Amino acid sequence: MGQFSAYEYRKLPGFDMNAFEGANQAIPMKTLVIHCFDPRAADIPLAVAAYLGDEVYPGENILDESGNRVGHTRTLFVETNAGGRAAFALESVAAMDYIFSVQNVVVVHHSFCGTTTLTPELLIKKFHDHHRADIATMFDRGSLAIMDFEDSIKHDIALLRSSPAVPKRIKLYGFFYEISTGKLTEVVRDIPAWMST
Ligand SMILES: [Zn+2]
């Protein structure tokens, strides 16, 4: 047993991994928003929650009689990374579907993103110049820089739709967010035809 094993669900008395049916009754998560970790883009989850409607964000903790955090009212979760790229969030989509049964995945790219200062080739070359390390084959080239916002948003939605890590019933939305005005513009929506009727 490790020092912190008592904090693992799978080691709790009575917890049966094979009978686990998800944690949606404790946290009603349904939407995952992928966006850039730029602090100027931090209001994106609020904007997306308002746009989609019927979402709770930020929500609050649900406590038991002893004050333990046993749930939360939030429905919209956030994954951040450089640029807000789908490629780097795939593992989270798969894991969140296992635990919570995700309904919507949203990708938001924002104005004046740092990833518009470079090209994939320049990032790879300069990284090699500075650190003598080759990262050329490590990442999806199309996810290393935003060369055009409409292209990057459509690229990421297509990447999600074609990935085995994203269940086919999930609804996908791609937005552009302007950081100064907070304006959110829908660029692409991909809802499986059998779900939109
Ligand atoms: Zn950014």
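Modeller: Of the 197 residues of the chain, 38% count as buried. Keep in mind that this is a predicted model. Start with the overall layout. The chain has 4 helices and 7 strands. Along the sequence they run β-α-β-β-β-α-β-α-α-β-β. The C-alpha trace spans about 55 × 45 × 35 Å along its principal axes. Among contacts between residues at least 6 apart in sequence, 66% join residues at least 24 apart.

Now the metal site. A zinc ion has three protein donor atoms: SG of C36, NE2 of H110 and SG of C113. They lie 2.1 to 2.3 Å from the ion. Along the chain, the donors follow the spacing C-x73-H-x2-C. C36 belongs to strand 1 (residues 31-36) and H110 to strand 5 (residues 104-110), so this pair ties together parts that are 74 residues apart in sequence.

C36 has a relative accessibility of 5%, so C36 counts as buried. H110 comes out at 0%, so H110 is buried too.

T115 is buried because its relative accessible area is 11%, and the limit is 20%. Leaving out residues up to four places away in sequence, T115 touches A82, G83, A145 and I146.

Next, the aromatic side chains. The structure holds 7 aromatic pairs. One of them joins Y9 and F15, with 6.0 Å from centre to centre and 35° between the planes, which counts as tilted. Y9 is exposed, at 62% relative accessible area. F15 is partly exposed, at 26%. The pair of F77 and F100 has ring centres 5.2 Å apart and planes at 75°, so it is edge-to-face. F77 sits in strand 4 and F100 in helix 2, so this pair ties together parts that are 23 residues apart in sequence. Both F77 and F100 are buried. There is also an aromatic cluster, made of Y9, F15, F20 and Y98.

Where does the loop between strand 4 (76-81) and helix 2 (90-100) come in? That loop contains F88. F88 is partly exposed, because its relative accessible area is 32%. Together with M138 and F139, F88 makes a nonpolar surface patch of about 280 Å².

The zinc ion takes its protein donors from C36, H110 and C113. C36 and H110 come from strand 1 and strand 5. C36 is buried, and so is H110.

Note on methods
Residues are numbered from 1 along each chain as its sequence is written. This is a predicted model: local features need pLDDT of at least 70, side-chain atom pairs count only at pLDDT 80 or more; totals for chains, interfaces and linings use all residues. Side-chain values use heavy atoms; hydrogens and water are left out. Patches are made of residues with over 30% relative accessible area and no salt bridge: like charges are joined within 9 Å, nonpolar side chains (Val, Leu, Ile, Met, Phe, Trp, Tyr) within 5 Å. Accessible areas come from the Shrake-Rupley method with a 1.4 Å probe; for residues, only the protein chains shown count as cover. A salt bridge is a side-chain nitrogen of Lys or Arg within 4 Å of a carboxyl oxygen of Asp or Glu. Helices (H or I, at least four residues) and strands (E, at least two) are DSSP runs, numbered from the N terminus. Buried means under 20% relative accessible area, exposed over 50%, partly exposed in between (1.4 Å probe, protein chains only). Donors are N, O and S atoms within 2.8 Å of the metal (3.2 Å for Na, K and Ca); water is not among the atoms, so sites may look incomplete. Rings of Phe, Tyr and Trp (its six-membered ring) pair if their centres lie within 6.5 Å; planes under 30 degrees apart count as stacked, over 60 as edge-to-face and the rest as tilted. Contact means heavy atoms within 4.5 Å.
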